[in-house]
Amino acid sequence: MGTFGRRLLLAVDAKGYGGADVVTQRQLQEAIQRLLGESAAAAGLARERWETQTGGDSVFAILPAGASEPDLVDTFMRHLDAGLREFNRNRVREAWLRLRAVVHFGTASPAANGFEGRAPVEVGRMLDSKVLKAALAAAPDACLALAVSATVFNDVISEAYTTIRAQEFREVRIAEKEYTGRAWIWVPGHDAKALALGVASTSDAVDMGASESTGGGTASVASSPNEPTALGDTVVQVISGTIHAQGAVFGISK
């Protein structure tokens, strides 16, 4: 039987690494290791005690028991973003180091070929998710896009344990392979809620055919509320019951 334990997890992966030449790949690998070490030192997170699995442009780490979640989400990430910007200064765009990062807290422990537990799988799915990749792509001058799990967002960020405000994060739904869940995305220096991710925020999204009850009525919605109608579209709201809204317009037909 494996050892049960809840740990703080971090994963990072570089954008566009596979298309870089060998010299650039070497520089990016060295920069990733240096910046992670410097950011960990700034946040007091004892990098030498991390249990780490590396793969060229990616790093997955389980931090020691008792590692501070606020320090990882806040101090560490702010230093990492600053370090990335410094590294990229005066480099051509094609040689920039831009990272996706994920922070999660859950069950994980070392195993024969890496790590076992549900949390490492969840971290991997969030890191490779289309929506996190889209967040970094939608902000071309950003060097970092961070996704945190519901556990981290609810227990750390929503409770104001970080200087990063909850309003700076964008809640999204992630569905990758066998994993489905929610994550919150932060892109330093950018309004994550304004980025074009190709998906609606979970707080905005309404599934096809979903309905909302309003004063006893039901309005069927077939698209994201933020999506504009095209010329020639017909907008229809099907309402049953009594609606008390004097002067309101409930449907427009053309």
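## Strand 7 and its partners

In this predicted model, strand 4 (residues 99–107) and strand 7 (residues 144–149) are paired in the parallel sense, with five bridges between them. Within this pairing, Leu 99 has Leu 144 of strand 7 as its bridge partner. Strand 7 is also joined to strand 9 (residues 179–186), this time by four bridges and in the antiparallel sense. There, Ser 149 finds its bridge partner in Ala 183 of strand 9.

In a regular strand, side chains alternate between the two faces of the sheet. In strand 7, Leu 144, Leu 146 and Val 148 point one way, while Ala 145, Ala 147 and Ser 149 point the other way, and all are buried. Because six of the six residues of strand 7 are buried, the strand is largely enclosed by the rest of the structure.

Strands of a sheet pair through backbone hydrogen bonds, and the pairing may be parallel or antiparallel. The parallel pair of strand 4 and strand 7 and the antiparallel pair of strand 7 and strand 9 illustrate the two senses.

## Strand 3 between strands 1 and 2

Strand 3 (residues 58–62) runs antiparallel to strand 1 (residues 6–14), and five bridges join the two. In strand 3, Ser 58 stands opposite Asp 13. Strand 3 is likewise antiparallel to strand 2 (residues 51–54), to which four bridges join it. Two of the residue pairs can be named: Thr 52 has Ala 61 of strand 3 as its bridge partner, and Thr 54 is partnered by Val 59 of strand 3.

Strand 2 and strand 3 form a hairpin with three residues between the strands, and in this hairpin Gly 56 takes a positive phi near 75°. Four of the five residues of strand 3 are buried, so this strand is largely enclosed by the rest of the structure.

## Helices against the sheet

## The contact of helix 1 with helix 2

Two packed helices are described by the angle between their axes and by the distance between those axes. For helix 1 (residues 22–43) and helix 2 (residues 69–88), the axes come within 8 Å and cross at roughly 140°. Helix 1 is therefore oblique to helix 2. The crossing of these two helices is right-handed.

On the side of helix 1, the contact is made by Gln 27, Leu 28, Ala 31, Arg 34, Leu 35, Leu 36, Ser 39, Ala 40, Ala 42 and Ala 43. Helix 2 contributes Asp 71, Thr 75, Phe 76, His 79, Leu 80, Gly 83, Leu 84 and Phe 87. By type, the residues of this contact divide into 11 nonpolar, five polar and two charged.

## Individual residues of note

Thr 24 lies in helix 1. With a relative accessible area of 11%, Thr 24 falls under the 20% cut-off and is therefore buried. Apart from its neighbours within four places in sequence, Thr 24 is in contact with Arg 91 and Ala 95.

Two residues other than glycine have a positive phi and are described here. Ala 46, which is not a glycine, has a positive phi of about 45°. Ala 46 is placed in the loop between helix 1 and strand 2, and at 26% relative accessibility this residue counts as partly exposed. For Asn 90, also a residue other than glycine, phi is positive and near 70°. Asn 90 is placed in the loop between helix 2 and strand 4. The relative accessible area of Asn 90 is 81%, so this residue is exposed.

Key
Residues numbered from 1 in each chain as written. Predicted model: local features only at pLDDT ≥ 70, side-chain atom pairs only at ≥ 80, totals over all residues. Heavy atoms only, no water. Axes fitted to C-alpha atoms, helices over the stretch in contact; angles between N-to-C directions. Parallel < 35°, antiparallel > 145°, perpendicular 65-115°, else oblique. Left-handed = near helix turned anticlockwise from the far one by under 90°. Contact = heavy atoms within 4.5 Å. Nonpolar A, V, L, I, M, F, W, Y, C, P; charged D, E, K, R; others polar. Buried < 20%, exposed > 50% of the residue type's maximum accessible area, 1.4 Å probe, protein only. Pairing = 2+ DSSP bridges.
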